[in-house]
Amino acid sequence: MKVELLDLSRSFADIEEEINQEITEIFKKCSFIMGENVRELENEFSKFLDVKHSISVGNGTDALILALCALGIGPEDEVITTPYTFFATPEAIARVHAVPVFADIRLDTYNIDEDKIEEKITAKTKAIMPVHIFGQTCDMDKINAIAKKHNLYVIEDAAQALGAQYKERMAGNLSDIACFSFHPTKNLGAAGDGGMIVTNNDFLASYCRALRVHGSGENGEKVYNTLNNIAKNEIDEAGANHTIYNPAKYHNYVIGFNSRLDEIQAAVLRIKLRKLNEYNKKHDEIGNYYNESFKDSELIPPKVIKENKHIFHQYVLRTRNRDQLMTKLAEKGIATGIYYPLPMHLQKAFDYLNYQEGYCPNAELLSKEALALPIYAKLSDEEKEYVVKCVLESI
Ligand SMILES: *Cc1c(COP(=O)(O)O)cnc(C)c1O
């Protein structure tokens with residue numbers, strides 16, 4: 001039997017008809033950017049998370065960068081994050097010319113160790129950026145308490161955790177501002193790149209809405225006024241000259257980006273969002289089945305904290321003989337992956353920060369022991385049973 005690490009083609013049948021219909025509609029209307037689907041997706045996303053504002057952007061990395069910009073984080077500032085994540089997390093921090101500061105992880109959930117954050121705080125620290133790695137939330141009560149005590153922002157990198165919960169509250173609704181990715185491999189994947197920023201803060205929402213369109217328009221004006229302590233009526237209404245079509249578009253108030261989600265992606269995401277709970281449930285079932293199957297073996301399965309709802313974006317366990325196990329599974333037709341082979345503090349791109357090996361021993365150990373097994377909504381019972389059987393006879 002051959003088992004892929006991820007096979008997205010299988011879920012296409014569920015949505016093929018709707019996708020064809022919606023894409024044809026978009027071509028008929030020729031509204032490709034910032035149209036009805038984008039607006040509706042943002043509304044539906046806000047409802048899904050019970051959050052006040054959702055702002056769609058070009059991808060998850062941009063979501064992080066725009067969120068940092070909206071919080072005014074930049075040169076000289078420090079942001080505490082995890083060394084065990086996808087590169088985009090610390091990259092976004094470095095991209096706004098701030099410094100990523102790494103606090104080691106816990107070996108049970110692979111998330112940032114909440115008890116190692118406080119010792120990293122300096123006078124330059126502005127924010128904490130926890131990542132809900134592989135679909136399980138961090139201990140957000142602890143992290144928010146630290147942030148409150150030291151007057152820091154909290155930005156959730158929830159790229160892998162759409163639908164995950166912490167104490168019955170949705171990931172992404174547990175901090176000042178949160179970021180999601182719709183990379184095709186994520187639990188809610190677009191047909192290309194996409195991302196979303198969510199927040200309950202009106203100013204941050206306006207700022208992100210302005211940043212994604214070159215700092216222009218009504219939101220740009222609002223942000224400009226707030227940043228410069230100008231009462232609303234003190235500057236000319238951008239739209240005062242009604243002889244020009246949408247003049248607000250050509251008035252720019254802050255330096256922004258071009259980072260928008262397009263209509264086709266939004267339409268695809270709206271269709272897939274309706275299936276997300278059902279698909280996440282399958283991920284959770286498979287993850288728990290693996291955990292149950294491996295609990296008495298020498299493998300170390302990931303711990304699911306009682307108060308969390310894990311969506312198992314990835315199923316990653318620990319094994320001392322990883323490379324050997326990978327080879328044996330490959331011989332039996334089972335694809336596996338390594339998330340992640342090199343922790344962030346040891347990436348060449350961060351040479352300039354002078355982190356040494358040994359700085360985050362747990363992240364370093366995990367990068368040598370982590371093994372990801374096939375997990376996706378359409379993985380069949382026979383396949384998951386075959387994976388377990390092969391793993392157990394290969395260790
Ligand atoms: C995927 C991912 C991102 C980046 O998202 P893109 O849409 O690929 O830019 C950021 N952080 C984490 C933890 C991710 O898994």
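**Spaces inside a predicted model**

Hi everyone, let's start with the largest cavity, which holds about 50 Å³ of space. This is a predicted model, where local features need pLDDT of at least 70, side-chain atom pairs count only at pLDDT 80 or more, and totals for chains, interfaces and linings use all residues. Residues are numbered from 1 along each chain as its sequence is written, and side-chain values use heavy atoms, without hydrogens and water.

A quick word on terms. On a 1 Å grid over the protein atoms alone, a cavity is a set of points where a 1.4 Å probe fits but cannot get out, while a pocket is an open set with protein on both sides within 12 Å along at least five of seven lines; lining residues have an atom within 4 Å of a point. Volume means the space filled by probe spheres set on the points, which are joined across faces, edges and corners.

There are 3 cavities of 30 Å³ or more. Among the residues lining the largest cavity are Tyr 110, Phe 134, His 310 and Gln 314. Why does the largest cavity lie between domain 1 (8-273) and domain 2 (276-394)? Because both domains give residues to its lining; the domain bounds come from an automatic or database domain assignment.

Now, the second largest pocket has about 650 Å³ of space. Of the 39 residues lining this pocket, the closest to its centre are His 183, Pro 184, Thr 185, Lys 186 and His 313. Domain 1 and domain 2 both contribute to the lining of the second largest pocket, so this pocket lies between them too.
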